[in-house]
Amino acid sequence: MTPAELEAARDRLVPDVVADGLRVLFCGINPGLMTAATGHHFARPGNRFWPTLHASGFTPRRLDPSEQAELVRYGLGITNVVARASARADELSDEEYREGGRILEEKVLRLRPRWLAVAGVTAYRVAFGDKKAKIGPQTRTIGDTRIWALPNPSGLNAHWTLTTMAEEYGRLRAAAEADG
């Protein structure tokens, strides 16, 4: 993919991978340019979402971003806090995060997943006005949907290794399985 092709994807929207009643709806911060250019969530080669999903036991094998539609078979889906694509999350305003949180809340009430898993605790804090949120399960719910803040799988989030991320995602998987 050329730099011009990536830049042309700026502000593009990427369709959610969703269905009613999912076990877990994963929520990224916003689509990156590679995701927007390909139409596949977490598409940048250095992003660790897909390897983490497999290593944590959510999927029986490592899926390629182009196989994202298969997630629904496993009771999983993907959306974003902010819909528009950008090169970096720091290009987003706090107002975009807050508006994204409002839209996300409506989406969760409509789709009713058992868990909303926000992959980025800082994005969660701003979107939902919870300055003290930490990685892990949150006390807040959206309807009957429980919320879990996960580490962002971006390669830029280097203090979380694939192993430690898989452990945290695995804690969520165990909680989701315990819910039935």
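Visitor: Which residue in β5 is the bridge partner of Leu 116?

Guide: A word on the source first: this is a predicted model. As a general idea, strands of a sheet pair through backbone hydrogen bonds, either parallel or antiparallel. Here, the partner of Leu 116 in β5 is Ile 147. Leu 116 is also the bridge partner, in β3, of Leu 25.

Visitor: In what sense do β3 and β5 pair, and over how many bridges?

Guide: Strand β3 (residues 115–119) and strand β5 (residues 145–150) are paired in the parallel sense, with 5 bridges. Another position to look at is Trp 115, which stands opposite Arg 146 in β5. The pairing of β1 with β3 is likewise in the parallel sense, over 4 bridges.

Visitor: In what order do the strands of the sheet lie?

Guide: The open sheet is formed by 5 strands in the order β2-β1-β3-β5-β4, and its pairing is mixed. At the edges are β2 (76–80) and β4 (136–142), each of which pairs on one side only. On average, neighbouring strands of this sheet are turned by 25 degrees against each other, direction ignored.

Visitor: Which strands does helix α4 touch where it packs on the sheet?

Guide: Helix α4 (residues 94–111) touches β1, β2, β3, β4 and β5, and its direction makes about 80 degrees with that of β4. Helix α5 packs on the sheet as well, touching β3, β4 and β5; the direction of α5 makes about 25 degrees with that of β4.

Visitor: How many of the residues of β3 are buried?

Guide: In β3, 5 of its 5 residues are buried. Both faces of the strand are covered: Trp 115, Ala 117 and Ala 119 lie on one side, and Leu 116 and Val 118 on the other.

Visitor: How many residues does the largest nonpolar core have?

Guide: The general idea is that in soluble globular proteins, nonpolar side chains tend to be buried together. In this model the largest nonpolar core has 24 residues, and those with the most contacts inside it are Val 24, Phe 26, Phe 49, Trp 50, Phe 58, Tyr 169 and Leu 172. At least two residues of this core come from each of β1, α3 (49–55), β2, β3, β5 and α6. The element that gives the most is α6, with 5 residues. There is also a second, separate core of 21 residues, which includes Ile 29, Tyr 97, Val 118 and Ala 133.

Visitor: Which residues does Trp 50 touch, not counting residues up to four places away in sequence?

Guide: With those neighbours in sequence left out, Trp 50 touches His 41, Phe 42, Arg 62, Leu 63, Pro 65, Gln 68, Leu 71 and Ile 78. Trp 50 also belongs to one aromatic cluster together with Phe 26, Phe 42, Phe 49, Phe 58 and Tyr 169.

Visitor: How many aromatic pairs are there?

Guide: A pair of aromatic rings is described by the distance of the centres and the angle of the planes. Rings whose centres lie within 6.5 Å count as a pair, and planes under 30 degrees apart count as stacked. The count by this rule is 7 aromatic pairs. The ring centres of Phe 26 and Tyr 169 are 6.1 Å apart and the planes are at 15 degrees, so this pair is stacked. It links distant parts of the chain, with Phe 26 in strand β1 (residues 24–28) and Tyr 169 in helix α6 (residues 162–178), 143 residues apart. Both Phe 26 and Tyr 169 are buried.

Visitor: What are the distance and the angle for the aromatic pair of Tyr 124 and Phe 128?

Guide: The rings of Tyr 124 and Phe 128 are 5.1 Å apart centre to centre, with 35 degrees between the planes, and the pair is tilted. Tyr 124 and Phe 128 are 4 residues apart in helix α5 (residues 121–128), so about one helical turn separates them. Tyr 124 is buried, as is Phe 128.

Visitor: Is Asn 30 buried or exposed?

Guide: Under 20% relative accessible area counts as buried. The value for Asn 30 is 12%, so Asn 30 is buried. Asn 30 is found in the loop between β1 and α2 (33–38), and its side chain reaches the backbone oxygen of Arg 84 at 2.9 Å.

Methods. Residues are numbered from 1 along each chain as its sequence is written. This is a predicted model: local features need pLDDT of at least 70, side-chain atom pairs count only at pLDDT 80 or more; totals for chains, interfaces and linings use all residues. Side-chain values use heavy atoms; hydrogens and water are left out. Rings of Phe, Tyr and Trp (its six-membered ring) pair if their centres lie within 6.5 Å; planes under 30 degrees apart count as stacked, over 60 as edge-to-face and the rest as tilted. Buried means under 20% relative accessible area, exposed over 50%, partly exposed in between (1.4 Å probe, protein chains only). A polar contact is a pair of N or O atoms within 3.5 Å; within protein, one must be able to donate a hydrogen and the other to accept it, and residues adjacent in sequence count only if both atoms are side-chain atoms. Two strands pair if DSSP finds at least two bridges between them. Axes are lines fitted to C-alpha atoms, for helices over the stretch in contact, and angles run from 0 to 180 degrees between N-to-C directions. Contact means heavy atoms within 4.5 Å. A nonpolar core is a set of buried Ala, Val, Leu, Ile, Met, Phe, Trp, Tyr and Cys residues joined through side-chain atoms within 4.5 Å.
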